[in-house]
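Please look at the sequence and the 3D structure shown here. The report below goes through selected features, one topic at a time.

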Amino acid sequence: MGGKWPLLSLEGVTYRHPVRMKRRPWRFRPGAGIHSIDLEVEAGTIFGLIGPNGSGKTTLMHTIAGLNPHRSGAIRIAGKRRRKSSWSDYQRRIGLMPERVNWSGSATPKQVLERLVAMRGEGNVADMLALVGLSGRADSQLDAMSQGMRQRLSLAAALLGNPDVLLLDEPMNGLDPVAQAAFRGMLRSLADRGVAIIVSSHNLNEMERLVDSVAILYRGQMVAAGRIDEVERALGCEKRLLVAGNGWVPPSAASFGRGVEMRHIEPKSDEEWRIELRTDTGWSTEARHNLLTSIQSSGGRVHLIQTVSPSLEELLAAATGGDPEIVGLEVGGDAMVPVRTWEVGEDE
Amino acid sequence: MSDSQAQQVRGTPVTRRAGRVRSAGRIQTVMRLSWLEAKRHFASPRMVVVVALLLLFIAGGSWGLADPDAAISSQIQTDTAYEVLFLVSLFVLFSATLGVVLLGFDGISRKRLTGELAIELAQPIHRLDLAASHLFGLWLGAFIPTAIASLGGMVLIEAQMGQYPSAVDAAYFLMATGLILFWYASIQLLASSIAKDVGSAVTLGVGAWLLFTLVWLLITAVLATLMGVDVTNLESDAYGKFSELVDLFSPNGVYQLLLENRLDGDASPHLPSTVIWLSAIGWTLIPAGLFFSRFQRLKP
């Protein structure tokens with residue numbers, strides 16, 4: 001079989017939520033949304049959408065799923081554009097798991113899935129319930145299910161009919177750590193079978209363990225996309241190294257060679273020290289070994305060495321030039337002001 | 001070249017046949033989804049309340065009104081089984097339509113709030129078919145128990161009066177009852193698709209029911225006063241004719257007029273049957289059409 005190929009592609013996709021005008025309530029004006037999104041997701045990959053609240057993650061997912069009619073641009077699955085004449089084939093290839101579906105009522109998971117199978121005209125309820133581990137609760141009432149079980153049911157609903165593209169909006173919400181690990185494993189095995197998976201989250205650490213590449217959304221625009229380490233490097237937010245020890249205190253960054261920046265962090269006790277180191281070249285095993293040797297030969301003892309990823313707000317601040325403390329809290333208004341975008345590639 | 005190959009080249013007959021197959025498939029899907037939706041309503045705890053209302057009003061009403069010893073106003077005739085059924089229709093207006101409200105006031109809004117609607121709208125099914133399945137599902141959910149209660153009522157009428165309504169009368173009564181429940185189902189789902197939270201869903205759903213069931217008399221009286229019709233004598237011909245006209249704009253009024261159409265003599269309506277039936281067609285098409293149109297543009 002050949003290499004990976006773009007299963008889902010978006011070209012200049014724009015959608016803005018209609019907002020009722022105050023003075024003329026029968027008329028609408030364009031509100032917040034997504035603007036000019038270009039994206040390619042290969043078959044067999046897990047792609048992450050990261051952004052703060054109101055950045056457009058859900059709007060983008062709903063637009064791909066065909067729930068929002070995009071005003072301009074094109075969405076293609078396996079090269080085929082979504083058209084009125086072929087919308088059914090398009091929808092058949094997509095599975096959507098919305099954020100936190102609060103399944104409720106006296107119906108059972110089995111009945112819910114049977115109804116969706118009737119809509120799709122395909123799918124096996126028993127297989128899906130078994131896949132998400134709900135076989136034992138197939139006939140329980142929805143009202144009696146925990147949020148984790150509801151998440152599993154939403155996933156089963158998205159997986160009905162074996163779609164080629166899976167859209168998962170904040171799928172880890174409500175799942176316990178054990179279920180999260182199982183969920184990650186399940187997504188990876190689906191990706192290995194050629195499914196293109198898009199996962200949204202505002203948690204960068206969670207994404208790092210799951211996705212192959214990411215796109216950062218901010219105010220409805222994609223500010224950077226690529227592998228996480230490439231994006232971090234392009235934005236000047238490489239992973240930092242947190243080192244803690246006692247004995248000899250590193251006096252300055254110069255102790256560790258050229259190109260290293262150092263920041264002292266408040267230690268836990270008087271004998272201890274903690275430093276955070278940053279370098280443009282990253283922290284390879286060899287670089288870490290050299291660092292340890294340097295500290296130990298100077299009489300210091302290291303008891304913690306740990307890589308620290310930049311936070312989402314740091315990435316956003318680096319991408320937009322804003323203040324990290326403000327950019328994380330800020331929710332964009334309706335106006336679609338262009339923000340700076342970053343080209344991320346292998347040569348970065 | 002064989003005939004079928006030739007047809008394929010010319011295109012039209014094969015395409016038409018494929019179109020028919022697709023349409024048949026869509027109708028089957030809608031029927032299946034409607035039945036699943038109706039089953040969901042049958043299993044819901046609200047159905048207990050609906051069944052209690054129907055038994056109390058329709059079955060109880062049939063038993064009481066058919067009792068030869070019951071003291072009913074001298075102006076109300078209860079000589080035949082159909083005349084009793086006509087009076088029972090007042091209880092249908094109160095109980096069965098309330099049943100539709102109870103089952104359907106949050107039919108769309110709840111799914112929108114919980115996120116289920118996003119999943120349904122993302123499925124490869126035409127939105128019109130999905131909307132129709134919601135509508136027919138709600139209608140079936142309300143009509144089947146109402147029809148059973150009405151048939152039970154007819155048995156009770158026979159027990160009291162010793163006569164069943166004729167098969168035609170019984171079918172006509174059930175048809176008219178089915179129509180009014182369809183109108184209410186359309187109105188409820190339209191209101192529910194407009195509502196964005198539970199509060200507004202209740203307000204719009206119950207509000208529509210209150211308007212046609214309780215407030216309509218007041219509206220008729222106010223309009224009559226404004227139009228110079230004497231409202232001091234509600235039994236007058238002038239007021240009767242005017243209220244029939246106003247009733248064309250209420251589903252309850254049209255239901256009553258449809259049933260009155262089969263009564264003899266003075267009890268039959270002044271309006272021609274064509275007008276009443278045109279109004280019934282309007283009530284069948286307009287709220288359902290508005291709901292379908294709204295559902296096509298619905299955002300989760």
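## A helix pair in chain B

In this predicted model, helix α8 (residues 167–194) of chain B and helix α9 (residues 198–226) of chain B have axes that come within 8 Å and cross at roughly 155°. An angle over 145 degrees counts as roughly antiparallel, so α8(B) is roughly antiparallel to α9(B). The crossing of these two helices, α8(B) and α9(B), is right-handed.

On the side of α8(B), the residues that meet α9(B) are B:I187, B:Q188, B:A191, B:S192 and B:I194. Their partners in α9(B) are B:A201, B:L204, B:G205 and B:A208. Sorted by class, the contact of α8(B) with α9(B) has 6 nonpolar and 3 polar residues, and no charged ones.

## A helix pair in chain A

In chain A, α3(A) packs against helix α5 (residues 147–159) at an angle of about 25°, and the two axes are 10 Å apart. Angles under 35 degrees count as roughly parallel, and α3(A) and α5(A) are therefore roughly parallel to each other. The crossing of α3(A) and α5(A) is right-handed.

From α3(A), the contact is made by A:P109, A:V112, A:L113 and A:L116. From α5(A), it is made by A:L153, A:A156 and A:A157. The residues of this contact between α3(A) and α5(A) divide into 7 nonpolar, no polar and no charged.

## Where chain A touches chain B

How many residues of chain A are in contact with chain B? There are 27 in chain A, and they are in contact with 21 residues of chain B. On the chain A side, the elements that give two or more residues are α2 (87–92), β6 (94–97) and α3 (109–120). The largest share, 7 residues, comes from α3(A). By class, the side of chain A that touches chain B has 12 nonpolar, 10 polar and 5 charged residues.

## Chain A as a whole

Chain A has 11 helices and 14 strands. Of its 348 residues, 40% count as buried. Among the contacts in chain A with a separation of 6 or more, 71% are between residues 24 or more positions apart.

Chain A is divided into domain 1 (6–93 + 163–234) and domain 2 (240–308). The C-alpha centres of domain 1 and domain 2 of chain A lie 39 Å apart.

A:S36 lies in strand β2 (residues 28–42) of chain A, whereas A:E170 is in the loop between β7 (165–169) and α6 (177–192) of chain A. Is A:E170 buried or exposed? A:E170 counts as buried because 21 C-beta neighbours lie inside 10 Å, and the cut-off for a buried residue is 20 or more. A:S36 has 17 other C-beta atoms within 10 Å, so A:S36 is partly exposed.

A:R227 is found in the loop between β10 (221–226) and α8 (228–234) of chain A. A:R227 counts as partly exposed because it has 14 C-beta neighbours inside 10 Å. A:R227 and A:G194 are 33 residues apart in sequence, and their C-alpha atoms are 19 Å apart in space.

Definitions and conventions: Residues numbered from 1 in each chain as written. Chains lettered and ligands numbered in written order. Predicted model: local features only at pLDDT ≥ 70, side-chain atom pairs only at ≥ 80, totals over all residues. Contact = placed C-beta atoms within 7 Å. Helix = DSSP H or I, 4+ residues; strand = E, 2+ residues; numbered from the N terminus. Nonpolar A, V, L, I, M, F, W, Y, C, P; charged D, E, K, R; others polar. Axes fitted to C-alpha atoms, helices over the stretch in contact; angles between N-to-C directions. Parallel < 35°, antiparallel > 145°, perpendicular 65-115°, else oblique. Left-handed = near helix turned anticlockwise from the far one by under 90°. Domains from an automatic or database assignment. Buried ≥ 20, exposed ≤ 12 C-beta atoms within 10 Å, placed from the backbone.
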